[in-house]
Amino acid sequence: MPLKPTHVLETVLYARDMTAARAFYRDALGLELLRDWGETGLVFRVSAESVLLVFDPTVTSRPGRPVPAHGADGPGHVAFRIDAGARAEWIAHLAALGVAVEQEQAWTEDESWRPGRSVYLRDPAGNSVELITADIWPESP
């Protein structure tokens, strides 16, 4: 059997304003802040097996860091799974915080994906954040 990863441990989005990123991911999405690395970035616990890193690309793209330089220009995307029964509550929660829903999308089952519903919004850095009610991706053949 060939070697393959077991799951995604980290996902990275890039933002230049760590104060706004901290407030959004902690307050609007309810993620636990694990580490605040000052100008470098933030680490949020998503689940027992995954974290979201929000890094400032002007810092992480500098050469000579302990890990290879990396960064991105333009908006990224991340999707968080939510309970289907909590979708309306999420929308109300976001509205109460002044976070606009950019788009809602219903996924109907076909050969590409399974049924589910997505709510799309933007974080303060312009990254696309999706809240999705199901694992829409089909099983492997």
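Student: Which residue stands opposite Leu-53 in strand 4?

Tutor: Bear in mind that this is a predicted model. Strand 3 and strand 4 pair in the antiparallel sense, over 6 bridges. In this pairing, Gly-41 stands opposite Phe-55. The residue opposite Leu-53 is Val-43.

Student: And which residue of strand 4 is the bridge partner of Val-12?

Tutor: Here the pairing is between strand 1 and strand 4, in the parallel sense, over 5 bridges. The bridge partner of Val-12 is Leu-53.

Student: What is the strand order in the sheet?

Tutor: The sheet is open, has 4 strands and shows mixed pairing. Strand 1 (10-14) and strand 2 stand at the edges; each has a single partner strand, so one side of each is left without a neighbour in the sheet. Neighbouring strands are turned by 25° against each other on average, direction ignored. The order is 1-4-3-2.

Student: How many residues of strand 4 are buried?

Tutor: Take the two faces in turn. Ser-50, Leu-52 and Val-54 are buried on one side. Val-51, Leu-53 and Phe-55 are buried on the other. Strand 4 is therefore largely enclosed by the rest of the structure, and the count is 6 of the 6 residues.

Student: At about what angle does helix 1 run to strand 3?

Tutor: Helix 1 covers residues 18-28. It lies across strand 1, strand 2, strand 3 and strand 4. Its angle to strand 3 is about 10°.

Student: Now the rings. How is the aromatic pair of Phe-24 and Tyr-25 classed?

Tutor: The count comes to 4 aromatic pairs. For Phe-24 and Tyr-25 the centre to centre distance is 4.8 Å, with 85° between the planes. Planes over 60 degrees apart set the class. This pair is edge-to-face.

Student: Are those two residues buried or exposed?

Tutor: Ring pairs link Phe-24, Tyr-25 and Phe-44 into a cluster. Phe-24 and Tyr-25 are both buried.

Student: How is the pair of Trp-37 and Phe-55 classed, by centres and planes?

Tutor: The centres are 6.3 Å apart, and pairing needs them within 6.5 Å. The planes are at 25°, and under 30 degrees is the cut-off for this class. So the pair is stacked.

Student: How many residues apart in sequence are the parts that this pair ties together?

Tutor: Trp-37 lies in the loop between strand 2 (32-36) and strand 3 (41-47). Phe-55 is in strand 4 (residues 50-55). The pair therefore ties together parts whose separation in sequence is 18 residues.

How values were computed
Residues numbered from 1 in each chain as written. Predicted model: local features only at pLDDT ≥ 70, side-chain atom pairs only at ≥ 80, totals over all residues. Heavy atoms only, no water. Phe/Tyr/Trp six-rings, centres within 6.5 Å; stacked < 30°, edge-to-face > 60°. Buried < 20%, exposed > 50% of the residue type's maximum accessible area, 1.4 Å probe, protein only. Helix = DSSP H or I, 4+ residues; strand = E, 2+ residues; numbered from the N terminus. Pairing = 2+ DSSP bridges. Axes fitted to C-alpha atoms, helices over the stretch in contact; angles between N-to-C directions. Contact = heavy atoms within 4.5 Å.
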